[in-house]
Amino acid sequence: MAEVRLPKLGWVRLRLSRALGGPVRNATVSRDGTGWHISFGVHIGLGSALPNGKPGCGVDFGVAASAYVSTEHAPRVKPPGLTVNERKRLRTLEGRKARQVTYAKKRRKGRYSNRLRRTIAAIGKLKAREANRRLDFTHKLTTDLAKNHGFIGIEDLRVKNMTKSARGTVASPGTRVAQKSGLNRSVLDNCPDERRRQLEYKCSLYGSRLVVVPPFHTSQTCAACGAIDPRSREGCGRLFSCTQCGHEDDADHNASVEIEARARRTGGSVINSTRRHPAVPSPAHGRRRMREALPTTSG
Ligand SMILES: [Zn+2]
């Protein structure tokens, strides 16, 4: 059992999930539905790796499929975050929470009972499990991409704009609000910003390059002849069918090949987007973090 001395808390016991591997630089304490966690920033003295010399690829991150890699023939689909039984249990718990909250309002002047607290904790635990599984998929995907490809082309997507609410204003209400919010949920369920963040640091770690390409019309461009025509996608769902040369492919795969071609055309230089990145990374959803002074580990 390792111990860490945290400012104002003193010695706190913890279980090391892996060897530290270097001198500790900082520590982050966080909490989610499953409990308390501490993560250490460690100096490992590793710079960028030399180019790994592997073939490049383009990746289309879609909504229907989580990711389609141009060199593969099947999309990589994120498994559902919760099993059928877990989803059922979540619904039960949410119903129970609603009843308990109503009761607290009616009979207890809004004071939460211990049972209600337990219900809320159980819901939090399931949600944390779902989030962990999503993060696990994203990490495995980005590590695999960076390790096995010389460069990775991705689209420079403005997630903020893409997932804007369709609700509109009171004066001019939007249309298809529910559909758009469902689409937003599935775009965000794929955590595009997190994927990109991971690819950026993993590429330098594994000798790959992240090439960000302009996203315009990638889904309407024929990867075989380069013709851009929205009608190539007309009415055939996931199928891309070129109106010029007759090329047919899965729409997401066609887009990934086009993204790879665009990445190649940049002549090997990484295009940095003009997007402003926040200087300090924001904490992951649902986690409260505090950055503390240097801890010392023992044992
Ligand atoms: Zn074509």
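## Two helices packed together

Helix α2 (residues 114–148) packs against helix α5 (residues 192–205) at an angle of about 35°, and their axes sit 9 Å apart. The crossing of α2 past α5 is right-handed. Keep in mind that this is a predicted model.

Who touches whom here? On the α2 side, the residues in the contact are Thr138, His139, Thr142, Thr143, Leu145 and Ala146. Facing them from α5 are Glu194, Arg195, Gln198, Leu199, Lys202, Cys203 and Leu205. Sort the α2–α5 contact by class and you get five nonpolar, five polar and three charged residues.

Now for the strands. In general, strands of a sheet pair through backbone hydrogen bonds, running either parallel or antiparallel. In this model, four of them make an open sheet with mixed pairing, in the order β6-β5-β7-β8. At the edges are β6 (68–69) and β8 (209–213), each of which pairs on one side only.

Zoom in on the β8 end of the sheet: strand β7 (residues 151–155) runs parallel to β8, and five bridges join the two. For a landmark in that pairing, look at Ile154, which stands opposite Val212 in β8.

## The chain as a whole

How many of the 299 residues count as buried? The figure is 18%.

As for contacts, take the pairs at least 6 apart in sequence: 61% of these join residues at least 24 apart.

Technical notes: Residues numbered from 1 in each chain as written. Predicted model: local features only at pLDDT ≥ 70, side-chain atom pairs only at ≥ 80, totals over all residues. Pairing = 2+ DSSP bridges. Helix = DSSP H or I, 4+ residues; strand = E, 2+ residues; numbered from the N terminus. Axes fitted to C-alpha atoms, helices over the stretch in contact; angles between N-to-C directions. Left-handed = near helix turned anticlockwise from the far one by under 90°. Contact = placed C-beta atoms within 7 Å. Nonpolar A, V, L, I, M, F, W, Y, C, P; charged D, E, K, R; others polar. Buried ≥ 20, exposed ≤ 12 C-beta atoms within 10 Å, placed from the backbone.
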